[in-house]
Amino acid sequence: PDLLFRFCHILLELGKGKLAQKKLNKIIADKGVDLNLSFTAAWLSMNLKENKKALEFLSAMMGLEPVPGPFYSLLAQIYENLGKNDKIETTLKDCIVKNSSYAPARLELAKFYVGKNNKAQALEVLKQAAKAFPEDPEISGNLAWLFLENETDFDLALDLARKAHEKLPDQVWLMDTLGWAYYHKGIYSQAEWMLEAAAKKAPEKGIIQYHQGMVFYRQGRLLKARKKLEAALTHDLSELDTAQIRGVLSDLSEDKGQNSLDEEMIFNPDRTTPFQDMEDDILTPDWSKVK
């Protein structure tokens, strides 16, 4: 089954998806359909934008017990392509009940709620997921991100992000999440260091530039902040992030006494910043495991 799936995957990448489908249909005609064949056939049909046909392959198998977790994920993806949002939620919830050891279903359900701008519900899903899979770095990292997005429990968000990053040190999204957690704790030097490392790996990510700009802004390094925030606006960001950036840039444009020759100077030393009461550099994380 794995070999057949890889074979179809390669043909699809070579632009020969119809040939793969023809060969697969012949195998099904000769041997009949089973779980593995139905999954491969549904996956291939979906990627050929034949979502209704893909749905037929999977629906015939969903009554069997037990159904592997990836079936639910694929079914939810097909429903998303068909615009059946209610079916997405039901499918993923069914998976969590019937195949509780399949962690991706919880992540996908949380992602579904985030897409519906229901971050509170997504947070509850990932809280339960973290209890069921406490060592899963993707769950921990996403939960940390949601805590930050909901602006709650910054201490736990930082702890979760650090643990996830230790297990997946090369993941840019986790580096960004950890840097953003340091920012929310007012630990700006660590935030700057981590976000700079993330930006080197993914210089095209506007969200990282936004986070870097906010760190510079809170440090009073206003010219650097302006450059990063203006660069971030050239990327596709959420409406909330875009509004935040424009608000800060508006504040910067009203700032007096800027010296364009010195990017590192602290402007207006008497100026009160929103986070001036936050402590800086109070944590000393152990980076010994980070490559």
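**Close-up views of salt bridges in a predicted model**

**View 1. A lysine and a glutamate pair up within helix α8.** Lys127 and Glu124 form a salt bridge, with 3.5 Å between their closest N and O atoms. This is a predicted model, and in it both residues belong to helix α8 (residues 119-132), where 3 residues, about one turn of the helix, separate them. Lys127 is partly exposed at a relative accessible area of 31%, and Glu124 is also partly exposed, at 39%.

View 2. Lys200 is exposed, with a relative accessible area of 66%, while Glu196 counts as partly exposed at 37%. Elsewhere in the chain, salt bridges with shared partners link Lys18, Glu50 and Lys53 into one network.

**View 3. Glu50 meets Lys18 in a salt bridge.** Have a look at this pair: the N to O distance is 2.5 Å. Lys18 lies in helix α2 (residues 17-31) and Glu50 in the loop between α3 (35-47) and α4 (51-59), so their contact ties together parts 32 residues apart in sequence. Glu50 is buried, because its relative accessible area is 19% and the cut-off for buried is under 20%.

**View 4. The whole chain, for context, has 15 helices and 0 strands.** Of its 291 residues, 43% are buried. The accessible surface comes to about 15900 Å², with 51% of it belonging to carbon and sulfur atoms. Across the whole structure there are 12 salt bridges.

How values were computed: Residues numbered from 1 in each chain as written. Predicted model: local features only at pLDDT ≥ 70, side-chain atom pairs only at ≥ 80, totals over all residues. Heavy atoms only, no water. Helix = DSSP H or I, 4+ residues; strand = E, 2+ residues; numbered from the N terminus. Buried < 20%, exposed > 50% of the residue type's maximum accessible area, 1.4 Å probe, protein only. Areas by Shrake-Rupley, 256 points an atom, 1.4 Å probe, with all protein chains shown as cover. Salt bridge = Lys/Arg side-chain N within 4 Å of Asp/Glu carboxyl O.
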